[in-house]
Amino acid sequence: MTTINILLNSKTIIFFLGIGYLLTFILISAYSRDVIRALPVRTFFLGKCLQSCSWFLVVLRGDIPDFLTISVANSLMFIGASLESISLLRLRNEWRGGFRHLYRLSVLLSIVGFQLVVLIHSKEDMRIAYSSLIMAVLLAPLYRLIKGPSPLMKIIGYIYLFVVASNLIRGATALFTDIPASFYTPGIYQLFYLVMSYILTILSIMGFLLLWKEKTNQELIHYASYDDLTGALNRRTFMSRAQSFLIRCARKKEAVSYLLFDIDNFKDINDKYGHHVGDLVLKDVTKRIGQQLDENDLFVRYGGDEFGILLPGKDESASSELAERIKKMLETAPSNLPVAYTISIGVLTIVPDPHTQLESMYTKCDQALYAAKRNGRNSIFRSLTS
């Protein structure tokens, strides 16, 4: 009587595993259509769908042909697990390069290998050992989540690492011991493995949705803080961060330098070559100057072709050296653009006090910039007012 109850409970758990995967559809469907169209979400969605089909086929073992419950079910599970891995790797921006081709090939070889095991040596223990090893291999790349930037991603990474270890243990158990590792053999081991599979299924679904929400929030913060064309800080974020630096430098009595520049004859570039080339110039100058800055330097696009750079802790000598380096770099470095360009720079250095405001620094630096323009452009002028 106890054996029958264990078997029935196990069948129920397998069935609810399939239901657990189907919950993905409901949870993801709660998002907007734009989110559903996102490639990582669609990939995860399809992966869980295939795994659901696999579990339902497992439930039907004995009522339908073994070809469906063994060959087809395991193949669907392999493909579903690989899609789950791919979706999470896309969230980490690590689904690229030669790794993609190697991973796809490994999925194909895994399916072919399983069919060969079924044809040549179709013993249940051998099938369990092989499929468990393949599941561990397909999910193993997700260990990279442990190195992720957020605590949530690290936790999800450890969950998948546990799944990989569980599959390896199950495979070794089937291959080297007499302990039954089959889903269909009643026992405590069977129930434990199925219950853990159910819990991990729910955790993986919740984890993916939380990671996707976290990524979306990070992107929203980025778009709210940075100029979408050049990648420089936008004015609002720059003002907030710059004021914090001014307060800190005032407390430490450190110098702060401020560079304000724009592109010489930028309107002529737009009129002659078109706004597309003008945009390329803006992106080019941002990229090239950004490579000259230190980690704490703040780079802002005010609008149009006007940019500013706040240099906390840099005195007159350091800021003048940077301005000259930028000017020469733009004059001499080769560019793939159809037009050459130069910039004019206004420079200001002060030792701020607790009442120093960035707006006043901007006004003085703007006057220096116009002086640089009057000097014939492609020049640097330092404000003498502190």
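Okay, let's start with helix α10, where Lys 267, Asp 271 and Lys 272 are exposed on one side, exposed being over 50% relative accessible area, buried under 20%, and partly exposed in between, with a 1.4 Å probe and protein chains only. Helices here are DSSP runs of H or I, at least four residues, and strands are E runs of at least two, numbered from the N terminus.

Quick caveats: this is a predicted model, so local features need pLDDT of at least 70 and side-chain atom pairs 80 or more, while totals for chains, interfaces and linings use all residues. Numbering runs from 1 along each chain as its sequence is written, and side-chain values use heavy atoms, leaving out hydrogens and water.

Back to α10, residues 266-273: Phe 266, Ile 269 and Asn 270 are buried. They sit on the same side of α10 because they cover an arc of only 95 degrees around the axis, taken from the directions from the helix axis to the C-beta atoms. What do the buried residues of α10 pack against? That would be β1 (256-263) and α11 (275-290), with contact meaning heavy atoms within 4.5 Å. After α10 comes Gly 274, with a positive phi near 100 degrees.

Now the cores, meaning sets of buried Ala, Val, Leu, Ile, Met, Phe, Trp, Tyr and Cys joined through side-chain atoms within 4.5 Å. The largest nonpolar core has 46 residues, and Leu 88 and Phe 208 are among those touching the most other members. α4 gives the largest share of this core, eleven residues. A second, separate core has 26 residues, including Val 277 and Ile 343.
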